[in-house]
Amino acid sequence: MDRIQERLGWSLERRVRLWQLTTGIAATAALALLAVDFVPRWAPGVNRPAPSEAQLTKAVTTLSRDNGTPGWLATVDARHGTVLMVPVPSAPDTQGRAAELWLIPPGQAPRSLGAVSINRAHTVAVPAALRDDLTGRAVLAITLEPPAGIPHAAPSGPVIAKGAIQL
C-alpha cells in the first residue's frame, strides 16, 4: 500500500505540506479580510457616520433560560414602543400554560406586556404608559401563565427566561 501511495505521490509528508500550505493561505486571507474591515474603523481622521436615531433607540436583548441557553431575542424599539420577540422554538408547556412577557422596571412590580409565541417571531406593542420604562435598567422576563386572562395583573407561574434590556 505504501508503495502505491508513493507512486501516486500521496506520501504522508506531501499531504501534511499540502494541508500546511492550504491552512496558511486560508489564515492569510482571513487576516487580510479582517484588516480591510477593521483598520478603517481605527484609523485616525477617518470620518464615520454617526449612528442614526433608529440605531440609538433599538436594543437587542437575549432572554436566557435557567440553564443559560437563549429562549428569545428581544429587539426593543423605545422610540416606537415595540418589542420584536424572536423565540428559539420550544415545545408547548405540558400543563397548557402560555408564555407571558413582563417588563420589570428597577424597584417596581412586573407589568404584563401580553402573551408571546414560543415558535414564531412577532411584535409586542408596549402601552404608552409603560414606554418610559423601556430603559437599560429594566428587565424583560417570561413566565408560564394560564392562557385565560392575559394580560395578568401579576405573574403567578415560573419564570422561564429573563434578560436585562441592553441599550
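# Exercises on a predicted model

The chain exposes about 11,200 Å², and carbon and sulfur atoms supply 61% of that area. The model is predicted. Work through each task, then check the solution.

## Exercise 1: The overall plan

Task: State how many helices and strands the chain has, and give their order.

Solution. 
- Step 1. Count the elements. There are three helices and eight strands.
- Step 2. Read along the sequence. The pattern is α-α-α-β-β-β-β-β-β-β-β.
- Step 3. Look at burial. Of the 167 residues in the chain, 26% are buried.
- Step 4. Look at contacts. Take those with a separation of 6 or more; residues 24 or more positions apart account for 56% of them.

## Exercise 2: Thr-61

Task: Is Thr-61 buried or exposed? Find what surrounds Thr-61.

Solution. 
- Step 1. Locate the residue. Thr-61 sits in strand 1, which covers residues 58–64.
- Step 2. Apply the cut-off. Buried means under 20% relative accessible area. Thr-61 has 0% relative accessibility, so Thr-61 counts as buried.
- Step 3. List the neighbours, leaving out residues up to four places away in sequence. Thr-61 touches Trp-72, Leu-73, Ala-74, Gly-163, Ala-164, Ile-165 and Gln-166.
- Step 4. Check the polar atoms. A polar atom of the Thr-61 side chain lies 3.1 Å from the backbone nitrogen of Gln-166.

## Exercise 3: A hairpin

Task: Describe how strand 4 and strand 5 are joined.

Solution. 
- Step 1. Find the strands. Strand 4 spans residues 98–104 and strand 5 spans residues 111–115.
- Step 2. Pick one pair. Glu-100 has Ala-115 in strand 5 as its bridge partner.
- Step 3. Inspect the turn. Six residues lie between the strands of this hairpin, and Gly-107 takes a positive phi near 75 degrees.

## Exercise 4: Salt bridges

Task: How many salt bridges does the whole structure hold, and which residues form them?

Solution. 
- Step 1. Search the whole structure. Two salt bridges turn up.
- Step 2. Take one pair. Arg-97 bonds with Asp-93 in a salt bridge, with the closest N and O atoms 2.8 Å apart. Arg-97 is partly exposed, at a relative accessible area of 26%.
- Step 3. Take the other pair. Arg-111 forms a salt bridge with Asp-133, and here the closest N and O atoms are 2.8 Å apart.
- Step 4. Arg-111 lies in strand 5, while Asp-133 lies in the loop between strand 6 (122–125) and strand 7, so the pair ties together parts 22 residues apart in sequence.
- Step 5. Arg-111 is partly exposed at 28% relative accessibility, whereas Asp-133 counts as buried at 16%.

Conventions
Residues are numbered from 1 along each chain as its sequence is written. This is a predicted model: local features need pLDDT of at least 70, side-chain atom pairs count only at pLDDT 80 or more; totals for chains, interfaces and linings use all residues. Side-chain values use heavy atoms; hydrogens and water are left out. Helices (H or I, at least four residues) and strands (E, at least two) are DSSP runs, numbered from the N terminus. Buried means under 20% relative accessible area, exposed over 50%, partly exposed in between (1.4 Å probe, protein chains only). A polar contact is a pair of N or O atoms within 3.5 Å; within protein, one must be able to donate a hydrogen and the other to accept it, and residues adjacent in sequence count only if both atoms are side-chain atoms. Contact means heavy atoms within 4.5 Å. Two strands pair if DSSP finds at least two bridges between them. Accessible areas come from the Shrake-Rupley method with a 1.4 Å probe; for residues, only the protein chains shown count as cover. A salt bridge is a side-chain nitrogen of Lys or Arg within 4 Å of a carboxyl oxygen of Asp or Glu.
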